[in-house]
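Dear colleague,

Please find the structure below, together with a short account of what was found in it. I would be grateful if you could read the two side by side.

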Amino acid sequence: MADDSKQPPTKPKPLFDLGQFGATPGALSTLAQRDISPLDLIYKHITGDWSDMSVEDQQQNRLAIRSGMRIFSSYKVDASTKIWIITEADRSSTTLLLPEEY
């Protein structure tokens, strides 16, 4: 007899601690205008979904997780706008911001 029960897909687990979370007003406004939840981007950041970044930058983030360096993500929210997420090397804080706010 076949087992017809379906297991829900497993979600990726966090790869590192975020520490305290903050976001700039510009980043929050940009996301709100596009109906994008900041939590969706944070989830991508913390689970290693850096698909908007170059292969080299993705490799640098994997190294940063293992060696305790700063973790940097960049996500395109439209054709001309990016949101950056930076987790500090000591994992004390994570900030969501626009590149021009850096």
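**Helix α2 and its surroundings**

Helix α2 is followed by Gly48, a residue with a positive phi, near 85°. Helices (H or I, at least four residues) and strands (E, at least two) are DSSP runs, numbered from the N terminus. Please note that this is a predicted model, in which local features need pLDDT of at least 70 and side-chain atom pairs count only at pLDDT 80 or more, while totals for chains, interfaces and linings use all residues. Residues are numbered from 1 along each chain as its sequence is written, and side-chain values use heavy atoms, with hydrogens and water left out.

Leu41, Ile42, His45 and Ile46 are the buried residues of α2, where buried means under 20% relative accessible area, exposed over 50%, and partly exposed in between (1.4 Å probe, protein chains only). These residues cover an arc of only 130° around the axis, which puts them on the same side of α2; the arc is that of the directions from the helix axis to the C-beta atoms. The buried residues of α2 pack against β1 (20–23), α1, β2, β3 and β4, contact being defined as heavy atoms within 4.5 Å.

**Aromatic pairs**

Rings of Phe, Tyr and Trp (its six-membered ring) pair if their centres lie within 6.5 Å; planes under 30 degrees apart count as stacked, over 60 as edge-to-face and the rest as tilted. By this rule there are 2 aromatic pairs. Phe72 and Trp84 have ring centres 5.0 Å apart and planes at 75°, so this pair is edge-to-face. Phe72 belongs to strand β2 and Trp84 to strand β3 (residues 81–87), so the pair ties together parts 12 residues apart in sequence. Trp84 also forms an edge-to-face pair with Tyr102, at 5.9 Å centre to centre and 70° between the planes. Tyr102 lies in the segment after β4 (93–97), 18 residues apart from Trp84, and is exposed, with a relative accessible area of 63%.

**Salt bridge**

The structure holds 1 salt bridge (a side-chain nitrogen of Lys or Arg within 4 Å of a carboxyl oxygen of Asp or Glu). Asp78 and Arg34 form this salt bridge, their closest N and O atoms being 2.6 Å apart. Asp78 is in strand β2 (residues 71–78) and Arg34 in the loop between α1 (25–33) and α2 (38–46), 44 residues apart. Asp78 is partly exposed, at 28% relative accessible area, and Arg34 is partly exposed, at 29%.

With kind regards
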